[in-house]
Structure formats: C-alpha cells, structure tokens
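Work through the exercises below with the sequence and the 3D structure at hand. Each task is followed by a solution in steps.

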Amino acid sequence: MKKTIKKYQRYFSDERFWAKLKSQARNAGVKIVYSALLLFYAYRRKETPFYARSIILGVLGYFLAPIDLIPDLTPILGYTDDLGVLAFGLVTIAAYINQDVRQKARGRLHQWFGDYNEAELKEVDDQL
C-alpha cells in the first residue's frame, strides 16, 4: 500500500488541499474532512518525521487526485475509497497526532460546519 500511496504525492499542495476541502466539505462530510485535517496538521508538526510526512503526502495526494477508484461526485459512494485511504494514513502515523492537532482540526470543522455530530469524530479518534 505504501508504494501505491507514494505515486499520489505529486497531487498534493497546500492550495489544492484547502480548495478541495472548502469546495467539497459539505459533500464529503465531517468524518472525511476531520480525517484529512488531522493528517494535514500532523504533517505541519515539526516533530513528524520524514517517513510519516511521506505517507501523509501520498494519502492527501490520493484524496486530491483528479482520478480515483470511485468518483467523488457519486453520491454517498464517492468518498468511500477516500475514507479508506485516509483511515490507512491515520492509523499509520497515529503517533504524530496529538491534542494540538486534534484541536486545530476541530476548530476548522467548527468554522465550516458549525455544530456537528461528535460521535463521527469519536469514530475517527478511536482508530488512533
């Protein structure tokens, strides 16, 4: 899986990440957006080592790639492959997701979604 993820690193950029999240946040849902934000903020930590950053870039690159297994425009099913890849990334680099990363991700979620279902975030946090 790690080799497959590496080929998607070229699709990642800060600008593309924020543009997709801003435009697709409501369609993607809280769980996917939270997962992507956790990875992004873990990537920005100085303490996150190179190997973990490489995994994060590949996972977020897959999320941003113009072509994926199930098109994101497909209702409900469109983000299931993204969620699986995001979950892989989160579990792989879980040691670098601290309380600060979680707070930043939750703060951004609050800006975009207002009140959201905390149970969805708990599902993601329980994987870590």
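Of the contacts in the chain with a separation of 6 or more, 72% are between residues 24 or more positions apart; contact means heavy atoms within 4.5 Å. This is a predicted model, in which local features need pLDDT of at least 70, side-chain atom pairs count only at pLDDT 80 or more, and totals for chains, interfaces and linings use all residues. Residues are numbered from 1 along each chain as its sequence is written, and side-chain values use heavy atoms, with hydrogens and water left out.

**Exercise 1.** State how many helices and strands the chain has, and what share of its residues is buried.

Solution. Helices (H or I, at least four residues) and strands (E, at least two) are DSSP runs, numbered from the N terminus. On that basis the chain has seven helices and zero strands. For burial, the cut-offs are under 20% relative accessible area for buried, over 50% for exposed, and partly exposed in between (1.4 Å probe, protein chains only). Of the 128 residues in the chain, 51% are buried.

**Exercise 2.** Describe the surroundings of L109.

Solution. L109 is in helix α6 and is buried, with a relative accessible area of 0%. Not counting residues up to four places away in sequence, L109 touches V30, V33, Y34, L37, G114, Y116 and L121. K31 is 78 residues away from L109 along the chain, yet their C-alpha atoms are separated by 9.9 Å.

**Exercise 3.** Decide how α4 and α5 are oriented to each other.

Solution. Two packed helices are described by the angle between their axes and the distance between the axes. Axes are lines fitted to C-alpha atoms, for helices over the stretch in contact, and angles run from 0 to 180 degrees between N-to-C directions. Helix α4 (residues 50-64) and helix α5 (residues 80-92) pack at about 170°, with axes 9 Å apart. Therefore α4 is roughly antiparallel to α5, given that angles under 35 degrees count as roughly parallel, over 145 as roughly antiparallel, 65 to 115 as roughly perpendicular and the rest as oblique. In this packing, I55, V59, L60, Y62 and F63 of α4 meet D81, D82, V85, L86, F88, G89 and T92 of α5.

**Exercise 4.** Is D125 buried or exposed, and which residues does D125 contact?

Solution. D125 lies in helix α7. Its relative accessibility is 15%, so D125 counts as buried. Leaving aside neighbours within four places in sequence, D125 contacts Y34, L38, R102 and R106.
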